[in-house]
Amino acid sequence: MQKFPLGRIGLIVLDDGTWRFPAHFFFDNVPEAEWRAHVATDAEGKIPVGHNYALVEAENALVVIDTGYGDDTHGGKTGHLLEEFDRTGHRREDVGMVILTHGHGDHIKGNMLMRDGIRRPAFPRARYHLARADWEWFGGPGHVPEFDEQLATLEQLGMMVLDDGALRLTPEISLLPTPGHTPGHTTVVIESDGQTAFFLGDVCHHPLHFSHPDWVSAFDTHPGTTPRTRAWLFNLAVARDALLVCPHAPSPGVGRLRKTAEGFSWQPLQ
Ligand SMILES: [Zn+2]
């Protein structure tokens, strides 16, 4: 848990955990020798992957962005978001809004947690926001169990809100459609007192995606769209001097982009 002041509000990164994952999935369209020149893997070809999500202490709202792996703990390595949340001193029932950047399991499995044989919302009074395009994509034919367990259940409880397009949710928080990783993938823009932060979701999975915006992961549903989305979003981030949260960068996954002669470079904040 790490707090970054942003104007008059607080941006807290909640660390769901780190586990090792095969690196080649993140550079799916890149010859192995090319990405290996930049990435040190272990003997199994794996690298540590962070899972950094967020709590925004806005002036009149507590907003969680993505909920992590929940009960899917990978042997205790992930699923720590709620413990991290509790360390902030806030109460779970005071969270009014959860924003889901997209429908993949590592971002939504903490929506509903199994307790005493019943799945219950982790934030019992929140409304959970997801882009309608992702609701339709992930709820389509052959959908995965976490759609039913983590999204459809919330819908049945009347707690899901499906959003279309760019939208301002509070004076400090707005949504930007950033498709490519998934059809409804959403970047969260947080603003206060002239300062801006972008919660990037999976626009990027690895800091190398900033310097190589045409390198895309195997998990992108529309990989042809990803480089175009990155091009305008990275330029916007530089123009706004935005603080960035890159969920899968090493913890806490926070940094800024700098424009260079070759493109963009990731400047992590320590
Ligand atoms: Zn992810």
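Colleague: Which residue in β11 is the bridge partner of L130?

Modeller: In this predicted model, L130 has L162 of β11 as its bridge partner.

Colleague: What makes β10 and β11 (residues 160-163) a pair?

Modeller: The cut-off is at least two bridges. Here 4 bridges join β10 to β11, so the two strands count as paired. They run parallel.

Colleague: How do you know that β7 (residues 97-99) pairs with β10?

Modeller: By the bridge count again. β7 and β10 are joined by 3 bridges, and pairing needs at least two. These strands also run parallel. M97 stands opposite R127 in β10.

Colleague: Why is β10 (residues 127-131) called largely enclosed?

Modeller: Because 4 of its 5 residues are buried, the rest of the structure largely encloses β10. Buried here requires 20 or more other C-beta atoms within 10 Å of the residue's own.

Colleague: What is the strand order in the open sheet of 7 strands?

Modeller: The order is β12-β13-β14-β15-β16-β17-β18, and the pairing is mixed.

Colleague: Why are β12 (167-168) and β18 (264-268) called edge strands?

Modeller: Each of them pairs on one side only.

Colleague: What makes β17 (residues 254-259) and β18 a pair, and in which sense?

Modeller: They share 5 bridges, against a cut-off of at least two. The sense is antiparallel.

Colleague: Which strands does helix α7 (residues 226-239) lie across, and at what angle to β17 does it run?

Modeller: Helix α7 lies across β14 (186-192), β15 (195-199), β16 (243-245), β17 and β18. Its angle to β17 is about 95°.

How values were computed: Residues are numbered from 1 along each chain as its sequence is written. This is a predicted model: local features need pLDDT of at least 70, side-chain atom pairs count only at pLDDT 80 or more; totals for chains, interfaces and linings use all residues. Helices (H or I, at least four residues) and strands (E, at least two) are DSSP runs, numbered from the N terminus. Two residues are in contact if their C-beta atoms, placed from the backbone, lie within 7 Å. Axes are lines fitted to C-alpha atoms, for helices over the stretch in contact, and angles run from 0 to 180 degrees between N-to-C directions. A residue is buried if 20 or more other C-beta atoms lie within 10 Å of its own, exposed if 12 or fewer, and partly exposed in between; C-beta atoms are placed from the backbone.
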